Amino acid sequence: MTKQQGRAVRTRAALVQAAAAHFDREGYEGTSLSKVCGTAGTSLGALTFHFPTKGALADAVMAEGRALTQAALLRISALPGPALRKVVGLTLELTRLLEEETAVRCAVRLARERPGTGGWSDIWRPVVKQLLDQAHSNGQLRYGAGPAEVAMLVEYLTAGAEAFLRGRPDAGAAAGTTVAQLKSVWRLALAGVCVTAEAGAAEETGWLRTDPVDRPTVQTGHDDDGLSEHWAASCS
């Protein structure tokens, strides 16, 4: 790669990062290209060289958010363990992305504000459905709590997490991370969803045991992303 090519790559990345921050805070209509240029420290000419229109810039931001989401789906799907536990872990990871990755949070907002560009849940909904079908086949779901109903729960939880992050950032910071709060919600939900909540059936996986020695853990291979803790605590 030549110096000029390297500079172009850095400029493009800076523009996408700056655009994500503005789109996330101000929305598609409220964001001007001049604001993006000012934040990125580039000229309007440099912006239009990479992105001829505002829509093209928004598309690039959404693509980055989707790529991060797809990577999380692949990572969680490849983990060992029961399918329902993967659904819980996936929900926690999606919430972590919303909390920590501006491009992901921005992609959700832009999908709402730009009809026809594809919703964020369209990316992960098929994976959740497949996992829940597997959980149902393996007898992990209570009678009456079918895959469709649990999938709806996942939709509501992720939508609620995003709304909470947007509407109550101060409250979120005071009460702990949104991921930690969602773990508590899942503990409550699993008591009415997971077959192992039955007395005696907890011996099958140990999800709902209170003794920390018996809590199951799953090694993710990514110590820095905190997922090992998520697996250990999400259903305890």
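Which classes make up the lining of the largest pocket? By class, the lining has six nonpolar, three polar and three charged residues. Ala, Val, Leu, Ile, Met, Phe, Trp, Tyr, Cys and Pro count as nonpolar, Asp, Glu, Lys and Arg as charged, and the others, Gly among them, as polar.

This is a predicted model: local features need pLDDT of at least 70, side-chain atom pairs count only at pLDDT 80 or more, and totals for chains, interfaces and linings use all residues. Residues are numbered from 1 along each chain as its sequence is written, and side-chain values use heavy atoms, without hydrogens and water.

**Pocket**

The largest pocket has a volume of about 190 Å³. A pocket is an open set of points on a 1 Å grid where a 1.4 Å probe fits, with protein on both sides within 12 Å along at least five of seven lines; lining residues have an atom within 4 Å of a point. The volume is the space filled by probe spheres set on the points. H8 (147–167) gives the largest share of the lining, four residues. Helix H6 (102–113) and H7 each supply at least two. Among the lining residues are Leu 98, Trp 120, Trp 124 and Glu 162.

**Helix pairs**

Helices are DSSP runs (H or I, at least four residues), numbered from the N terminus. Axes are lines fitted to C-alpha atoms over the stretch in contact, with angles from 0 to 180 degrees between N-to-C directions.

| Pair | Axes come within | Crossing angle |
|---|---|---|
| H5 (83–100) and H7 (121–137) | 8 Å | roughly 155° |
| H1 (3–30) and H6 | 8 Å | roughly 35° |

The H5 and H7 angle makes H5 roughly antiparallel to H7 (over 145 degrees). H5 passes H7 in a left-handed crossing (the near helix is turned anticlockwise from the far one by less than a right angle). Their contact (heavy atoms within 4.5 Å) includes Leu 90 of H5 and Trp 124 of H7. Its residues divide into 11 nonpolar, one polar and one charged.

H1 and H6 also cross left-handed. Phe 23 of H1 and Arg 105 of H6 are among the contact residues. This contact has seven nonpolar, two polar and six charged residues.

Methods: Parallel < 35°, antiparallel > 145°, perpendicular 65-115°, else oblique.
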